[in-house]
Amino acid sequence: MNYYIVIPAHNEEAFIALTLDSLISQTVLPKKVVIVNDNSTDKTAEIVTAYAKENPFISLVNKTSSALHLPGSKVIQAFHKGFETLDEEYDVIVKLDADLILPNNYFETILNIFEKDATIGIAGGFAYIEKNGEWILENLTDKDHIRGAFKAYRKACFQQIGNLKPAMGWDTVDELLSKFYGWKVVTDASLIVKHLKPTGANYNKTARYKQGEAFYTLGYGFLITSIASAKLAMMKKKPLLFLDYIKGFWKAKAAKTPLLVTEEQAKFIRKYRLKKMKEKIF
């Protein structure tokens with residue numbers, strides 16, 4: 001199986017060499033790695049160029065976009081820019097962040113997962129962050145969810161869900177749509193990925209409302225949004241974020257923001273989320 005990687009990168013000079021080192025040390029090397037330098041003002045592009053000289057499967061694409069960090073849309077637009085430069089000769093496409101250290105057997109394990117079961121559409125490991133000198137699980141999501149920082153998609157699944165959506169919630173809607181089309185999403189707890197920058201480190205007030213908007217555009221409806229908002233606010237240990245999320249939901253509803261899914265898909269998503277919530281309670 002061939003796998004291609006696209007890495008959106010904005011001002012990642014502190015980390016990108018560590019990420020690229022962990023890629024060139026993989027037991028099964030990627031066929032292609034495209035780093036999309038998205039408006040960086042630091043040495044990101046120089047570092048990538050140096051690696052590309054030594055490793056012909058690495059290439060650099062430059063993109064200019066606004067400097068404003070909005071979760072979701074900016075990073076996926078950069079992903080699209082990189083993906084457009086690739087051919088169709090891949091079995092697995094990977095969206096990777098530029099601030100990760102992957103274990104050497106990461107992609108060998110991921111490819112084995114895909115090879116063992118043809119119904120698996122998305123696979124990934126778990127994110128760990130450093131706290132007081134120890135690497136601990138970055139516990140922001142359920143154990144059956146793969147973080148947006150490292151997502152590997154089987155080609156047929158990736159095509160069926162229609163690529164990645166340039167909006168916040170892209171890394172939830174991809175999994176929900178995969179399930180809608182009958183694909184499995186698989187996590188492997190043995191794959192410990194070191195996440196060098198905690199999630200949401202750069203988010204501002206606008207971004208906080210964006211989470212509620214994302215719940216709306218996923219077709220959650222108010223009940224599921226309320227439960228999901230409360231859970232996320234508690235996980236982040238910031239209970240007041242709940243109000244921001246709910247405000248974001250109502251703002252999106254009032255603005256008639258288009259959903260990321262069809263009405264049929266939204267119905268499936270609500271049913272699926274409620275089923276998962278009931279399983280946890282009972």
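The model is a predicted one, in which local features need pLDDT of at least 70 and side-chain atom pairs count only at pLDDT 80 or more, while totals for chains, interfaces and linings use all residues. Residues are numbered from 1 along each chain as its sequence is written, and side-chain values use heavy atoms, with hydrogens and water left out.

Lysine 151 and aspartate 174 are both buried, where buried means under 20% relative accessible area, exposed over 50%, and partly exposed in between (1.4 Å probe, protein chains only).

**Other salt bridges**

My search of the whole structure gave 13 salt bridges. One of them joins lysine 32 and aspartate 87 at 2.6 Å, N to O; because lysine 32 lies in strand β2 (residues 32-38) and aspartate 87 in the loop between α3 (73-83) and β4 (92-96), the pair ties together parts that are 55 residues apart in sequence. Lysine 32 is partly exposed at 28% relative accessibility, and aspartate 87 is partly exposed at 30%.

I also recorded a salt bridge between glutamate 88 and lysine 155, with the closest N and O atoms 3.9 Å apart. Glutamate 88 sits in the loop between α3 and β4 and lysine 155 in helix α5 (residues 155-160), so here the parts tied together are 67 residues apart in sequence. Glutamate 88 counts as partly exposed at 44% relative accessibility.

**Helix α9**

I then checked helix α9 (residues 241-254), which has 14 residues and reaches 20 Å from its first C-alpha to its last, close to the 20 Å expected, the expected span being 1.5 Å times one less than the number of residues. Its buried residues are Leu241, Asp244, Tyr245, Ile246, Gly248, Phe249 and Ala252. Just after α9, I noted that lysine 256 takes a positive phi of about 55°.

Technical notes. Helices (H or I, at least four residues) and strands (E, at least two) are DSSP runs, numbered from the N terminus. A salt bridge is a side-chain nitrogen of Lys or Arg within 4 Å of a carboxyl oxygen of Asp or Glu.
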